[in-house]
Amino acid sequence: MTDSIVPVKEIEEKMETDKMWIIMGPQHPFSHGLWTLKIKVDGEIVVDADPIVGYLHRGWEKETENRTYPKIIPMADRLCYAASMTYTHLYCMTVEKALGIDIPEKAKYIRIVADEVCRINSHLMWLAAVGTDLGNLTVFLWAMREREYFLDLNVKLCGARMTTNYPRIGGVRNDLTELFERDVIRTVDRFEKALWDIIALMDDSSIIVSRMKGISYISREQCANIGMTGPAMRGCGVDFDIRRDDPYDNYDKVDFEVPVLTAGDSYARYMIRIEEMFQSCDIIRQAVQKIQALGKNAPYRIKTPTKVPAGTHFMRMEDPRGESLMYLVSDGTDKPYRLKVRSPIFTNVSTSKVMCQGCRIADVPAILAQIDMCLGETDR
Amino acid sequence: MTIKYLDKYPKNLAKSLWVLKPQWTVLKLFAKTVVHRPVTVLYPYEKEWVPENYRGRPGLIFDKCVGCGMCARMCPTACIKLVDAEDDNGKTVKRPQVNLGRCAMCGYCAEYCPVDAMTVTPEYELAEFTRFDLIYGPRRLNYEGTTEGMKVKLEVTLPSDIENGNPERRVSLFDLDRPELIDSKCIGCKKCAKVCPVNAIEMVEKGVNEKTGKPILRPVIDNGKCICCSNCVDDCPKDALEIKEVL
């Protein structure tokens, strides 16, 4: 080195570190599903991020245009395997709104129970993913173990574990099976105790907490401007929940709290979902009481016409991941003219630039785990 | 309702105890599992209990089926096809054949079957070596041991019943809707009588054509036999039959 023509020391002083694009995905341990996150790094610090989705595009919306209305219900199941019940529920509500019918009381409460079971299912799936992203494999196993009890409830209710195909246009597929009320209460009681164990693993360990606390701060105004929805939005201090503020079905008749935190960091978004699981347990207990009060022979499904009158309608609901919306354009036949799905994750993942800016590469999985990626509904 | 978790957390964690609390939780589970038996199931030797209404492969009660094709029409993945099969008397009849490689196990065929011949079955071990083996013919699809819980029935309530203050569950959609004839469009081609799977349509003479001297034939539908499969409506060349929905 001493013989080189240009002195090394001078080069080092003139040299600037190039900013470099790192491409994470589509097959990467942190991406739960097929998507790519391009991050621009300055040394160890992330300065820019750019998500690329669309690897799982299957033409869902176009496919629905060739099917009659009831045949779309099993397809709506397959939008997202973790939130299959809420998407079928949303689709059925959209068509019911277009038909202008009111479904029986019992069906509304059964849908609430099914929805909240689905919400706990989805949040436990997310908790398992967060556990592995932060390096805690015990949480993964324990959350999956708890989820199994709720999948068993799905089997008991409608015969299928994940792609339930349970809500129908005008009600639900079948009445509550024998002893389902007893089983759901037992499962929920058991789950509340078990969840405290998982919390002890996550929240009482300063290794896990320090990887989330104070990282990726988003202010209340910024969060509203970039269009975040769901638990991630409530973690940033925006007090909005469609179940409470624009109630569908019978959510206005059950009593629950909407957890809101103003911290705005990654840890706050984590805490909101844990609290939501406790609130879901409360909603299930109340809804089961209401079902029992209605009696066994109450109607749960009404007959609906096969043809939907022409017009445009939309319906939105609180998905486990945020606000999902369906927009239906019908032309008076038995097939929809257009059915648009607005997925909560599509908007949430587009905020990844704001979330990742200024943090380190190692924090990127921990931050993006909080939006609970599901590519089935994002790409459709 | 009360907030349960956000009242207690976040805690200010002491630095010195940073792993002890989680370790203690895991130790408790360890002590529990030493005493209690394991929860895992050794799959090929033991099997999980499945409830009665479990949605496995579709099954068919061969003798009950009338071959109306309602299952094939409702199937969202179009995996059901009507094929020729021989019944017990050696007669050729139409029966469903299911391609299980495409079946999504949605249970629509069992739900919409007007005679409850299609059921859901608790069979879920369906792996085969070739794709051809996955095509279940009508005889192979036959399932013995159908119980009451496996039958999925369309129990609907009519909106008009609710308005009258008499909400009552009706067991089947197809007992309510009926095909009706639009007399001016009918040409008397007998096609509806041929396609009807339950022979509910009879062609009756309704006078004589004055120009040609041939008899005028019109279908008469026996509502006791009709299962409202809408085969006649689909096959009518002049759209003279229509199904009126009872609402």
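## Domains of chain B

Domain bounds in this report come from an automatic or database domain assignment, and for chain B that assignment gives domain 1 (58-150) and domain 2 (176-244). The structure is a predicted model, in which local features need pLDDT of at least 70 and side-chain atom pairs count only at pLDDT 80 or more, while totals for chains, interfaces and linings use all residues. Residues are numbered from 1 along each chain as its sequence is written, and chains are lettered from A and ligands numbered from 1 in the order in which they are written.

The centres of domain 1 of chain B and domain 2 of chain B, taken over C-alpha atoms, are separated by 29 Å. Seven residues of domain 1 of chain B are in contact with six residues of domain 2 of chain B, where two residues are in contact if their C-beta atoms, placed from the backbone, lie within 7 Å. The side of domain 1 of chain B that touches domain 2 of chain B has five nonpolar, two polar and no charged residues; here Ala, Val, Leu, Ile, Met, Phe, Trp, Tyr, Cys and Pro count as nonpolar, Asp, Glu, Lys and Arg as charged, and the others, Gly among them, as polar.

## A sheet in chain B

Helices (H or I, at least four residues) and strands (E, at least two) are DSSP runs, numbered from the N terminus, and two strands pair if DSSP finds at least two bridges between them. In chain B, three strands in the order E2-E3-E5 form an open sheet with antiparallel pairing. Its edge strands are strand E2 (80-86) and strand E5 (135-136) of chain B, each of which pairs on one side only. Strand E3 (residues 92-99) of chain B is joined to E5(B) by two bridges, and B:Val98 stands opposite B:Tyr136 in E5(B).

## Strands of chain A

Strand E1 (residues 20-24) and strand E2 (residues 36-42) of chain A pair in the antiparallel sense over five bridges, with A:Ile39 in E2(A) as the bridge partner of A:Ile22. E2(A) is also joined to strand E3 (residues 45-52) of chain A, again antiparallel, by seven bridges, and here the bridge partner of A:Ile39 is A:Ala49 in E3(A). The hairpin of E2(A) and E3(A) has two residues between the strands, and in this hairpin A:Gly43 takes a positive phi near 70 degrees.

Chain A also holds an open sheet of three strands in the order E6-E7-E8, with antiparallel pairing. Strand E6 (311-319) and strand E8 (336-342) of chain A are its edge strands, each pairing on one side only, and the twist averages 15 degrees from one strand to the next. Axes are lines fitted to C-alpha atoms, for helices over the stretch in contact, and angles run from 0 to 180 degrees between N-to-C directions. E6(A) and strand E7 (residues 322-330) of chain A run antiparallel and are joined by nine bridges, and A:Ser330 in E7(A) is the bridge partner of A:Gly311. Helix H4 (residues 84-99) of chain A packs on this sheet, touching E6 and E7 of chain A, and its direction makes about 150 degrees with that of E6(A).

## Helix packing in chain A

How do H4(A) and helix H5 (residues 105-133) of chain A pack? They pack at an angle of about 140 degrees, with their axes 8 Å apart, and H4(A) and H5(A) are therefore oblique to each other. The contact brings A:Met85, A:Thr86 and A:His89 of H4(A) against A:Arg111, A:Ala114, A:Asp115 and A:Cys118 of H5(A), and the residues of this contact divide into three nonpolar, two polar and two charged.

H5(A) and H6(A) pack at an angle of about 160 degrees, with their axes 8 Å apart. That makes H5(A) roughly antiparallel to H6(A), on a scale where angles under 35 degrees count as roughly parallel, over 145 as roughly antiparallel, 65 to 115 as roughly perpendicular and the rest as oblique. The residues of the contact of H5(A) with H6(A) divide into 16 nonpolar, four polar and two charged.

## Contact between the chains

The contact takes 40 residues from chain A and 38 residues from chain B. Among the elements that each supply at least two residues of the side of chain A that touches chain B are helix H3 (72-77) and helix H6 (137-158) of chain A, while H12(A) gives the most, with six residues. By class, this side of chain A has 19 nonpolar, nine polar and 12 charged residues.
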